[in-house]
Amino acid sequence: MRSVTILGATGSVGTSTLDLIERAGGAYDVLALTANCDVDGLAAAAKRVSAKFAVVADESRLPALREALSGSGVKAAGGADAVCEAARMGADWTMAAIVGTAGLKPVMAAIEGGGTIALANKESLVSAGEVVTRAVAECGATLLPVDSEHNAIFQCFESDNADKVSRIILTASGGPFRERTLDAMRGITPEQAVAHPNWSMGAKISVDSATLMNKGLELIEAFHLFPVAAEQLDVIVHRQSVIHSMVEYADGSVLAQLGSPDMRVPIAYTLAWPQRMETPCQRLDLARIGRLDFEAPDYDRFPCLRLAREALTAGGTRPAVLNAANEVAVAAFLARRIGFLEIAAIVSDTLERYDPAAPETLDQLLAIDAEARCIAGERVKDCVI
């Protein structure tokens with residue numbers, strides 16, 4: 001029986017992971033589940049899978065969690081340190097699905113245990129790629145990508161022929177506004193931005209998909225996951241979300257991974273790796289789909305993608321500053337404090353204002369992240385809707 005921990009158990013990736021575990025009929029021993037503040041969802045999940053430990057990151061919600069778990073035998077804890085404690089419990093397999101830079105310390109804690117980490121938290125690699133990959137090597141851990149695009153690349157990437165890979169091509173759905181002009185995007189609401197046409201995702205990642213920042217972050221993540229140069233990474237818009245990404249080789253062959261747009265497919269691949277497992281996901285019917293469309297991304301209408309590519313090329317702390325500013329801007333947009341187009345403007349302005357030296361430690365990186373957030377937050381205050 002394989003032991004598992006799920007960091008971010010009540011989000012979209014976490015609930016999909018729980019669904020697969022529950023369908024597996026006792027094949028997995030759940031050590032710990034964590035959530036930010038959803039006590040009801042966390043307690044219900046912990047009791048269903050007989051978890052040993054349940055942690056709510058918002059410590060003010062701990063009394064409610066203890067009450068919800070009363071008599072269940074599940075140990076409850078609260079706070080950021082307790083989340084890291086859960087990550088250090090020594091699970092064979094850990095799902096890292098906490099959204100944003102808040103997931104960085106728990107990811108590092110899980111890596112220190114030397115197990116397998118299924119990484120759905122792309123911000124960890126975007127902000128601290130060198131720190132994370134160095135820790136993986138030092139601790140003998142295994143990092144498996146959960147994002148559908150990186151998981152697709154992982155399935156197609158021939159490690160023995162890495163030097164013969166000429167290009168990695170990440171596909172992007174284009175989001176809900178792929179056909180809108182810049183003027184038409186000025187009045188976009190959070191509700192419209194969160195309504196992704198193909199995928200069911202959380203609010204933050206849905207907004208990132210709408211701005212194409214998500215694809216930019218994935219470029220940076222791919223750079224740290226696979227042994228390729230930045231110029232070997234490309235993006236193509238593929239609105240059907242059937243091909244999840246492709247790997248091109250020196251002989252002209254292009255390998256692609258196809259499937260229905262259901263996150264349980266890449267999650268299952270990491271959960272059972274190096275084997276495969278059954279999923280309830282809809283099977284691909286290419287005859288019904290009928291056609292697959294592709295087009296180049298528009299860097300003028302979607303400047304977040306351009307900003308991310310520039311940050312990747314520049315290296316150093318640019319990706320960390322980009323990610324921090326984006327998290328602040330997206331949160332402000334979801335809170336209706338800024339307009340949709342101002343997300344890219346705030347990220348760009350923060351990058352222009354702040355360019356610190358590369359950090360040597362995780363604490364230095366987190367200090368840079370905090371300063372970038374302050375600068376972006378000041379820029380948010382200047383915006384008037």
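Trainee: Which residue in β10 is the bridge partner of I169?

Mentor: In this predicted model, M246 is the bridge partner of I169. The strands concerned are β8, residues 165–172, and β10, residues 243–249.

Trainee: What makes β8 and β10 count as paired strands?

Mentor: Pairing asks for at least two bridges. Strands β8 and β10 share five bridges, so they count as paired, and their sense is antiparallel.

Trainee: In what order do the four strands of the open sheet lie?

Mentor: The order is β9-β8-β10-β11, with mixed pairing. From one strand to the next, the twist averages 20°.

Trainee: What makes β9 and β11 edge strands?

Mentor: Strand β9 (233–237) and strand β11 (254–258) each pair on one side only.

Trainee: Which residues of α10 and α13 meet?

Mentor: From α10 they are M213, K215, G216, L217, L219, I220 and F223. From α13 they are C304, L305, A308, R309 and L312. By class, this contact has nine nonpolar, one polar and two charged residues.

Trainee: Where is L292?

Mentor: L292 is in the loop between α12 (286–289) and α13.

Trainee: How do you know whether L292 is buried, partly exposed or exposed?

Mentor: Its relative accessible area is 31%. Buried needs under 20% and exposed needs over 50%. The value of 31% lies between these, so L292 is partly exposed.

Trainee: Which residues does L292 contact, leaving aside its neighbours within four places in sequence?

Mentor: They are H238, Q240, V242 and I243. V242 and L292 are 50 residues apart along the chain, and their C-alpha atoms are separated by 7.8 Å.

Trainee: Last, which residues of helix α4 are buried?

Mentor: In α4, residues 80–87, the buried ones are A82, V83, C84, A86 and A87.

Trainee: What covers the buried residues of α4?

Mentor: The cover includes strands β1 (2–7), β2 (28–35), β3 (53–56) and β4 (75–78), and helix α5 (104–112).

Definitions and conventions: Residues numbered from 1 in each chain as written. Predicted model: local features only at pLDDT ≥ 70, side-chain atom pairs only at ≥ 80, totals over all residues. Heavy atoms only, no water. Contact = heavy atoms within 4.5 Å. Helix = DSSP H or I, 4+ residues; strand = E, 2+ residues; numbered from the N terminus. Nonpolar A, V, L, I, M, F, W, Y, C, P; charged D, E, K, R; others polar. Axes fitted to C-alpha atoms, helices over the stretch in contact; angles between N-to-C directions. Buried < 20%, exposed > 50% of the residue type's maximum accessible area, 1.4 Å probe, protein only.
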